[in-house]
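Here are a few notes to go with your look at the model.

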Amino acid sequence: MTSDIRFDEREIEEFNSVEIKKKDIQKICESDLATNSLTIKELSSPRSYDEFIEWYERKIELFSESEEIRKIARLCGSPYKEFYEEVMPFRALVDEIMKGTDATVRFPCSNTNKDVILHNLDGEGSTQFIEIVSSGLNKEERLRMEMLSYKGHVSGFGKIDKHNTTQKGEYRIVANPEMKLRVDIENGSISNVIKRIVAKNNKKYNPCTWLLVSMQYGALVREESLRRVVSEVKKRAPSTQFSRIYLVTEAHSCARIQ
């Protein structure tokens, strides 16, 4: 049985594009809901393992309550940006390193190379720094998040661009979806992770800093794909200044690379 449904080029273009008004995003991010749902002070407060888990789960539940708050979580800058880029990846590591300890964690939310600060991790008043980097979060991924928020869908792969329109303060996001072979997704993930490790290693960090790399593990839909990525990254990762390197493999778990 074949389908008689046909789409012309205009319909396809409309499906894969959306117009955004900057003032709309600004209005969303300046709303009382955005201001009160998460603050820098709240994000940077020290928490024990149990306190962190309770707080994190409460925030994830809050950010899922309505489309309005989902837009805020996806589109707004600090402190939502830090939650997405630092707190969420750290959740994958926290069970392994903090559970059963007296350590506390805080997120400084500052322009330094200390994304996470752990106090008393070894029970002797120590301070442990962690740098976090995403291997997939870039300009294109931010455009995907905007399109998802306004359109309700977005292609996972393919080029996506931002074009200014004739109206001041408006722009159009245009996606060009494409299919990718599983092996290409795996190779792309491996390459992106290695690039991020090398780039971070070119900067100077406090001695014994750990590096946590967050990748788009959701694109690796098969367990064997994830295993291959972890295995290849372990083989190819260069020697670095970091005393430990972890790779986020799921929302609540990670693999130690070095």
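1. Helix H5 (residues 49-62) packs with helix H7 (residues 80-97) at an angle of about 130°, and their axes are 11 Å apart. Angles over 145 degrees would count as roughly antiparallel, so H5 and H7 are oblique to each other. The crossing of H5 past H7 is left-handed. Please bear in mind throughout that this is a predicted model.

2. Which residues make this contact? From H5 come Tyr 49, Phe 52, Ile 53, Trp 55, Tyr 56, Lys 59 and Ile 60, and from H7 come Phe 83, Val 87, Met 88, Phe 90, Arg 91, Val 94 and Asp 95. Sorted by class, the contact of H5 with H7 has 11 nonpolar and three charged residues, with no polar ones.

3. H7 also has a part in the second largest pocket, where H7, strand E5 (127-134) and helix H9 (182-201) each supply at least two residues of the lining. The volume of this pocket is about 340 Å³. It is lined by 18 residues, and those closest to its centre are Lys 81, Glu 85, Glu 86, Asp 115 and Ile 132.

4. A backbone detail for you to check: the peptide bond that joins Ser 78 and Pro 79 is cis, with omega about 5°. Pro 79 sits in the loop between helix H6 (67-75) and H7.

5. H6 has a helix partner too. The axes of H6 and helix H8 (residues 139-151) cross at roughly 170° and come within 9 Å. That angle makes H6 roughly antiparallel to H8. On the H6 side the contact is made by Glu 67, Lys 71, Arg 74 and Leu 75, and on the H8 side by Met 145, Glu 146, Leu 148, Ser 149 and Tyr 150. By class, the contact of H6 with H8 divides into four charged, four nonpolar and one polar residue.

6. Where do positive phi values turn up in residues other than glycine? One is at Cys 109, with phi near 55°, and Cys 109 lies in the loop between strand E3 (104-106) and strand E4 (116-119). Another is at Asn 120, which has a positive phi of about 65°. Asn 120 is placed in the loop between E4 and E5, and E5 is one of the elements that supply the pocket lining in point 3.

Conventions: Residues numbered from 1 in each chain as written. Predicted model: local features only at pLDDT ≥ 70, side-chain atom pairs only at ≥ 80, totals over all residues. Heavy atoms only, no water. Axes fitted to C-alpha atoms, helices over the stretch in contact; angles between N-to-C directions. Helix = DSSP H or I, 4+ residues; strand = E, 2+ residues; numbered from the N terminus. Parallel < 35°, antiparallel > 145°, perpendicular 65-115°, else oblique. Left-handed = near helix turned anticlockwise from the far one by under 90°. Contact = heavy atoms within 4.5 Å. Nonpolar A, V, L, I, M, F, W, Y, C, P; charged D, E, K, R; others polar. 1 Å grid on protein atoms, 1.4 Å probe; cavity = no way out; pocket = protein on both sides within 12 Å on 5 of 7 lines; lining within 4 Å. Points joined across faces, edges and corners; volume = space filled by probe spheres on them.
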